[in-house]
Amino acid sequence: MEEIRPVILCGGTGSRLWPMSRTQSPKQFQPVAGKGSLTFFQATVQRHRTKGFGRPVVVTAAQHAKLVKQQLQEIQCDATIICEPMARNTGPAVLAAAMVIDAETPGALMLVAPSDHIIQGNLNSPILAMRAAAMDGRIVTFGIRPTYPETGYGYISDGGAFSTYDGLHRVAQFVEKPPLSRARALMQSGCAYWASGISLYGAKTIMDEFARLDKATFKAVRHAIDRGEQGHQGLLLHSDSFRRATNEPTERIVFEHSKSVALAPLDVEWSDVGCWTSMHAIGTPDEAGNVCQGDVISVGTTNSLVRSDGRLVAVVGMSDVIVVDTPDAVLVTARGKCQDVKKVTETLRAEARRESHQHVQRDHVWGQSQSVLTSPDYEMTVLKINPSASINIDPLPGRQIIAGRGDLELFDGFSRRTLSNGERVLLEVSEKFGLTNRSNDRAEVLLVTMNGTVSPELPMRDVSNA
């Protein structure tokens with residue numbers, strides 16, 4: 001049978017997981033278990049790199065395309081990348097993936113999976129068992145048996161088993177984020193499941209349903225692909241066309257109105273990791289119920305999550321708390337109040353604070369950048385350039401670089417020369433500047449931007465990573 005094409009959806013900002021998750025580097029691109037572990041996105045891709053599954057398709061925001069490509073390279077995975085010029089929810093994203101897959105492999109099945117969930121257990125076997133139903137035109141959505149009355153999830157009511165497909169059930173009803181009393185009743189009924197966000201169907205099947213139920217979105221996405229630009233990072237959808245698509249999830253556009261939709265229960269441990277309480281739940285606790293990640297000392301502390309991204313964090317005499325330390329922000333909250341972290345990010349955005357959207361330390365294809373000092377008049381950033389990597393630095397009035405360690409070559413648009421350690425170069429507006437690390441170790445450069453020319457985006461462009 002044909003291989004199933006995994007479609008990994010990389011939208012969302014993960015605001016409840018601040019300060020780990022930021023707008024420019026959201027939750028799905030952060031390590032699951034602290035520094036050195038796979039990211040949520042990488043773990044999702046790896047989950048379906050097995051027999052029965054084909055080359056993945058990743059749908060992501062255009063601003064995250066480089067990060068997606070970098071994280072795919074780290075796990076040595078080739079994928080088709082579709083870049084959204086703006087967020088339009090999962091419906092248009094899924095439809096774009098279906099159209100690309102249908103053009104590449106007519107008749108193919110596609111498995112849609114969120115990129116920021118944690119799943120433990122045998123997921124692929126029940127998915128592969130649903131291939132026949134999907135080939136016959138069924139839209140199979142996978143459900144998780146609820147373990148508590150969660151009000152933030154969608155539910156799927158079981159409408160009875162099919163006699164023609166083993167393990168497949170009809171859908172009686174979709175219930176979106178019910179109040180507590182309804183959620184409790186659904187759980188106690190034994191006939192309702194959490195909507196996992198995972199679904200399986202033919203690319204042609206979902207295209208036909210979109211064309212039937214939302215012609216305007218079908219036309220908008222078709223034009224966005226046809227008028228899109230294929231670049232080094234992937235297919236960039238045409239902006240003016242894509243924004244005309246309905247800003248709704250696939251469930252609302254198609255699933256709730258299609259007679260082809262069906263339910264397949266999953267017997268796995270699942271979490272959408274929507275807040276820090278969930279991060280504590282999926283971790284491996286010590287004898288006191290603490291999940292400690294990074295350089296942490298815990299004394300007289302119980303049932304807590306303590307996470308450090310670098311420096312030592314000591315927690316004494318605490319219970320049921322979340323402590324998250326990053327280079328530029330610290331979060332301390334009670335476990336039961338983690339949903340309110342979103343209010344912090346709303347305040348940061350309202351005050352136009354950098355901490356809402358950007359980490360002080362950022363990874364790039366060419367290396368790493370770290371903001372070390374910021375004021376209204378200037379910003380100082382350390383650039384760590386990988387061996388043989390090159391970058392372009394945009395010139396601005398008052399901008400300069402100071403060479404640190406490493407064998408650095410400067411190209412000013414006319415000639416190339418080697419920089420000595422400690423040498424300072426003023427980057428005039430009329431010139432173009434490129435830096436290449438010719439050594440076998442990381443090189444370091446101090447970038448200083450003066451006189452109100454600081455940009456919220458680091459003003460550099462990747463050249464190569466040869």
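Val175 counts as buried because its relative accessibility is 8%, where buried means under 20% relative accessible area, exposed over 50% and partly exposed in between (1.4 Å probe, protein chains only). This is a predicted model, in which local features need pLDDT of at least 70, side-chain atom pairs count only at pLDDT 80 or more, and totals for chains, interfaces and linings use all residues. Residues are numbered from 1 along each chain as its sequence is written, and side-chain values use heavy atoms, with hydrogens and water left out.

**Around Val175**
- Val175 sits in strand S8 (residues 169-176); helices (H or I, at least four residues) and strands (E, at least two) are DSSP runs, numbered from the N terminus.
- Not counting residues up to four places away in sequence, Val175 touches Tyr153, Gly154, Tyr155, Arg182 and Leu186, a contact being heavy atoms within 4.5 Å.
- Leu373 is 198 residues from Val175 in sequence, and their C-alpha atoms are 49 Å apart in space.

**The whole protein**
- You can find 12 helices and 30 strands in the protein.
- A compact globule of 466 residues would have a radius of gyration near 23 Å, and the 24 Å of the protein agrees with that. The radius is taken over C-alpha atoms, and the globule rule is 2.2 Å times the number of residues to the power 0.38.
- Along the principal axes, the C-alpha atoms fill a box of roughly 75 × 60 × 40 Å.
- Of the 466 residues, 50% count as buried.
- Among contacts with a separation of 6 or more, 67% are between residues 24 or more positions apart.

**Nonpolar cores**
- In soluble globular proteins, nonpolar side chains tend to be buried together.
- A nonpolar core is a set of buried Ala, Val, Leu, Ile, Met, Phe, Trp, Tyr and Cys residues joined through side-chain atoms within 4.5 Å.
- The largest core has 35 residues, and those with the most contacts inside it include Val7, Met110 and Tyr201. Helix H3 (90-104) and strand S1 (4-10) are among the elements that supply at least two residues each, and H3 gives the most, with 9 residues.
- Val7 has Val57, Val59, Ala97 and Ile101 among the residues it touches, not counting those up to four places away in sequence.
- Another core, of 30 residues, lies apart from the largest one and has Ile4, Leu109, Ile119 and Tyr165 among its members.

- On a 1 Å grid over the protein atoms alone, a cavity is a set of points where a 1.4 Å probe fits but cannot get out, and a pocket is an open set with protein on both sides within 12 Å along at least five of seven lines; lining residues have an atom within 4 Å of a point.
- The structure holds 1 cavity of 30 Å³ or more, and the largest cavity has a volume of about 50 Å³. Points are joined across faces, edges and corners, and a volume is the space filled by probe spheres set on the points.
- Thr44, Arg47, His48 and Leu111 are among the residues that line the largest cavity, and strand S4 gives the largest share of this lining, 3 residues.
- Helix H1 (40-47) also gives two or more residues to this lining. H1 is mostly covered, with 7 of its 8 residues buried, including Phe40, Phe41 and Thr44.

**The second largest pocket**
- This pocket holds about 1300 Å³ of space. Of its 45 lining residues, Ser25, Leu67, Gln361, Arg362 and Asp363 are the closest to its centre.
- Helix H2 provides the largest share of the lining, 6 residues.
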